[in-house]
Amino acid sequence: QVQLVESGGGLVQPGGSLRLSCAASGFTFSTNEMRWYRQAPGKERELVAGIRSAGSVTYVDSVKGRFTISRDNSKNTVYLQMNSLKPEDTAVYFCYVGLLRLGVRLPYWGQGTQVTVSS
């Protein structure tokens, strides 16, 4: 069974840093693009960052220069290093992978980890 388990969230002051981790299992991690999404209260879920199997990365403009997505295929883990955090980064952060099953790409989500940026 596919599992994505996020960790590393918490309360941090503006300007602080957190590193989120997503431990993946139940699929071939190394060949799949991994993504981080976030959802703030009352807002739509948005794609924050993605990393492809070969290492290419994408970010939403609002986090460029502050967040870094990375992966360790030996640990089946994807990370999101978040620096210079702002209150507007407050959200539940979700790990995501879309897996091909019988020719259809199916979404799999972690349970989410809360990030709160507040003074």
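Analyst: Val-92 has Gln-114 as its bridge partner in β11. This is a predicted model, in which local features need pLDDT of at least 70 and side-chain atom pairs count only at pLDDT 80 or more, while totals for chains, interfaces and linings use all residues. Residues are numbered from 1 along each chain as its sequence is written, and side-chain values use heavy atoms, with hydrogens and water left out.

Strand β11 covers residues 113-117. Strands here are DSSP runs (E, at least two residues; helices are H or I, at least four), numbered from the N terminus. Three bridges connect β9 with β11, and the two run antiparallel. β11 is also joined to β2 (residues 10-12), again by three bridges, but in this case the strands run parallel. Two strands count as paired if DSSP finds at least two bridges between them. Pairing in a sheet goes through backbone hydrogen bonds and can be parallel or antiparallel.

Buried means under 20% relative accessible area, exposed means over 50%, and partly exposed lies in between (1.4 Å probe, protein chains only).

The next topic is the core. The largest nonpolar core has 28 residues, and Met-34, Trp-36, Val-78, Leu-80, Met-82 and Tyr-93 touch the most other members. Two or more residues of this core come from each of β3, β4, β5, β7, β8, β9 and β11. The largest share, five residues, is given by β9. Such a core is a set of buried Ala, Val, Leu, Ile, Met, Phe, Trp, Tyr and Cys residues joined through side-chain atoms within 4.5 Å. Nonpolar side chains tend to be buried together in soluble globular proteins.

The structure has one disulfide, defined as a pair of cysteine sulfur atoms within 2.5 Å. It joins Cys-22 to Cys-95, with an S to S distance of 2.1 Å. Cys-22 is in strand β3 and Cys-95 in strand β9, 73 residues apart, so the pair links distant parts of the chain. Both Cys-22 and Cys-95 are buried. The torsion about their S-S bond is about -85°, so the disulfide is left-handed.

Strand β3 belongs to another sheet to consider. An open sheet of four strands is ordered β1-β3-β8-β7, with antiparallel pairing. β1 (3-7) and β7 are at its edges with a single partner strand each, so one side of each has no neighbour in the sheet. From one strand to the next the twist averages 15°, with axes fitted as lines to C-alpha atoms (for helices over the stretch in contact) and angles running from 0 to 180 degrees between N-to-C directions. Six bridges hold the antiparallel pair β7 and β8, and one of the facing pairs is Thr-68 with Gln-81 in β8.

Charged contacts complete the picture. There are six salt bridges in the structure, a salt bridge being a side-chain nitrogen of Lys or Arg within 4 Å of a carboxyl oxygen of Asp or Glu. Among them, Asp-89 and Arg-66 meet at 2.7 Å, N to O. Asp-89 is in the loop between β8 (77-82) and β9 (91-101), Arg-66 in the loop between β6 and β7 (67-72), 23 residues apart. Asp-89 is buried at 1% relative accessible area, and Arg-66 is buried at 10%. Arg-38 and Glu-46 form another salt bridge, with their closest N and O atoms 2.6 Å apart. Here Arg-38 is buried at 6%, while Glu-46 is partly exposed at 29%. Arg-38, Glu-46, Arg-66 and Asp-89 are linked in a network of salt bridges.
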